[in-house]
Amino acid sequence: MKNVNITFRIEEDLKKEADALFTDLGMSLSTAFHLFLKQSLREQGLPFVVTRNVPNQTTLAAMDAAERGEDLSEPFDSVEELRKNLNA
């Protein structure tokens, strides 16, 4: 089997971080890329789920506030009580 070279461009910082990660895992960036291609062929697609399941800025701000114990409401005894509070 004949090997071929593949050339592609990525940001310098991304390459440095990836090199450090894969070195820590005991492999080169070339080996990691080879594994990615092999697994993609086995899966017949990307070997991981691609989603946009990232909270937006409003949700992130609300999560941060909740972690600080801010903007929290009291427990509700009924759905109707919750609805009244939400519509207030």
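**Figure 1. Lining of the second largest pocket.** In this predicted model, whose residues are numbered from 1 along each chain as its sequence is written, the second largest pocket is lined by Phe-8, Ile-10, Leu-14, Ala-18, Phe-22, Leu-29, Ala-32, Phe-33 and Phe-36. H1 and H2 are the elements that give two or more residues to this lining (helices are DSSP runs of H or I, at least four residues, numbered from the N terminus). Four residues, the largest share, come from H2. A pocket is an open set of points on a 1 Å grid over the protein atoms alone, where a 1.4 Å probe fits, with protein on both sides within 12 Å along at least five of seven lines; lining residues have an atom within 4 Å of a point.

**Figure 2. The largest pocket and Leu-37.** The largest pocket is lined by 17 residues, and Val-4, Ile-6, Phe-33, His-34 and Leu-37 lie nearest its centre. H2 gives the most to this lining, with seven residues. Leu-37 belongs to helix H2, which covers residues 29-43. Leu-37 counts as partly exposed because its relative accessibility is 35% (buried is under 20%, exposed over 50%, partly exposed in between, with a 1.4 Å probe and protein chains only). From Leu-37 to Ser-78, the C-alpha to C-alpha distance is 53 Å, across 41 residues in sequence.

**Figure 3. Asp-19 in helix H1.** Asp-19 is placed in helix H1, residues 12-24. With a relative accessible area of 26%, Asp-19 is partly exposed. Asp-19 and Arg-52 lie 33 residues apart in sequence and 26 Å apart in space, C-alpha to C-alpha.

**Figure 4. Gln-44 in a loop.** Gln-44 lies in the loop between H2 and helix H3 (57-67). Gln-44 is exposed, as its relative accessible area is 68%. The phi of Gln-44 is near 60°, a positive value in a residue other than glycine. Most residues other than glycine have a negative phi.

Local features need pLDDT of at least 70, side-chain atom pairs count only at pLDDT 80 or more, and totals for chains, interfaces and linings use all residues. Side-chain values use heavy atoms, with hydrogens and water left out.
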